[in-house]
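Welcome! Take a moment to look over the chain below, and then we will walk through a few of its side chains together.

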Amino acid sequence: MLDLHCHILPGVDDGPEKLADSIAFAREMAKVGFSEVVATPHFVAEGGLLEPEELIRQVEVLNRALEAEGIPLKVYPGMELYLTSELPELIARGKVLGLKGERIYLIELPVSQKPPWLTFYLAEIVGAGNKVIIAHPERYRYLRENREEIEEFTDMGIVFQVSLTSFLSGYFGEGSRKSARWFLAKGALTGTDAHGPGSIKFLEEYLKPEVFANNRRFFVGKFLNPVALEFQEEKLKKKKSWFKFF
């Protein structure tokens, strides 16, 4: 499996603090079936620049450490970019990294309310020949409740990436949980958005190859397939209904 949204690099954001923590994190990911992961540390223009060269160096250090430990996980560089008015220029100047070093940008939107310039700057980024993935759209209420805007973004060539942490009961609310399921059924990409090995253990119910299959399809230009994700409580309800029948 390929995870394209993961905070696995040490000491760069709210993920692992030390290299040893990242190694433990990687070991858990490999154990549940991941073979590749894109490191996507948070990038906020106002918070000080995270230099692409330094990030690439840290990814190389981590990959060498994983190879030395015999952990079968390959890490690629990337960033989770917070959308601001500066972002289109930063992308144009090569000051930020796309996923796997390609011109594919994972972009996080403002959470609480829709800024008036949202569509304008996304269109500017796409219009410059880049691909845009909107990170965890299920968490933005102003977006998930506006199907027309979702269609508009889709028509622009923008794709969406659901984060599995949204499926954890009560973690981001029932609205986010239901919306994440809707986006998956429409053929969204998937990321764990994990920040440590503990996240992986909590997400085990959803770590299935079919849930992550669209990620590889996207990188090779294939059509994205809908994913129907059944929750554990739904399986229990079906089981109870089956027993009632008898």
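This is a predicted model: local features need pLDDT of at least 70, side-chain atom pairs count only at pLDDT 80 or more; totals for chains, interfaces and linings use all residues.

Let's begin with Lys100, which lies over the face of Tyr76, at 4.7 Å from the ring centre.

**Aromatic rings**

- The structure holds 8 aromatic pairs.
- In one of these pairs, the rings of Phe160 and Phe183 have their centres 5.1 Å apart and their planes at 45°, so the pair is tilted.
- Phe160 belongs to strand β8 (residues 159-163) and Phe183 to helix α7 (residues 174-185), so this pair ties together parts that are 23 residues apart in sequence.
- Phe160 and Phe183 are both buried.
- For Phe218 and Phe219, the ring centres are 5.7 Å apart and the planes stand at 80°, so this pair is edge-to-face.
- Phe218 is buried, and Phe219 is buried as well.
- One aromatic cluster is formed by Trp117, Phe120 and Tyr121.

- Where would you look for Asp193? You will find Asp193 in the loop between β9 (189-191) and α8 (197-202).
- Is Asp193 buried or exposed? Its relative accessibility is 6%, and buried means under 20%, so Asp193 counts as buried.
- The side chain of Asp193 makes a polar contact with the side chain of Arg139, at 2.7 Å.
- Leaving aside neighbours within four places in sequence, Asp193 is in contact with His5, His7, His136, Arg139, Ser163 and Thr165.

Key:
Residues are numbered from 1 along each chain as its sequence is written. Side-chain values use heavy atoms; hydrogens and water are left out. Helices (H or I, at least four residues) and strands (E, at least two) are DSSP runs, numbered from the N terminus. Buried means under 20% relative accessible area, exposed over 50%, partly exposed in between (1.4 Å probe, protein chains only). A polar contact is a pair of N or O atoms within 3.5 Å; within protein, one must be able to donate a hydrogen and the other to accept it, and residues adjacent in sequence count only if both atoms are side-chain atoms. Contact means heavy atoms within 4.5 Å. Rings of Phe, Tyr and Trp (its six-membered ring) pair if their centres lie within 6.5 Å; planes under 30 degrees apart count as stacked, over 60 as edge-to-face and the rest as tilted. A charge sits over a ring if NZ of Lys or CZ of Arg is within 6 Å of the ring centre and within 35 degrees of the ring normal.
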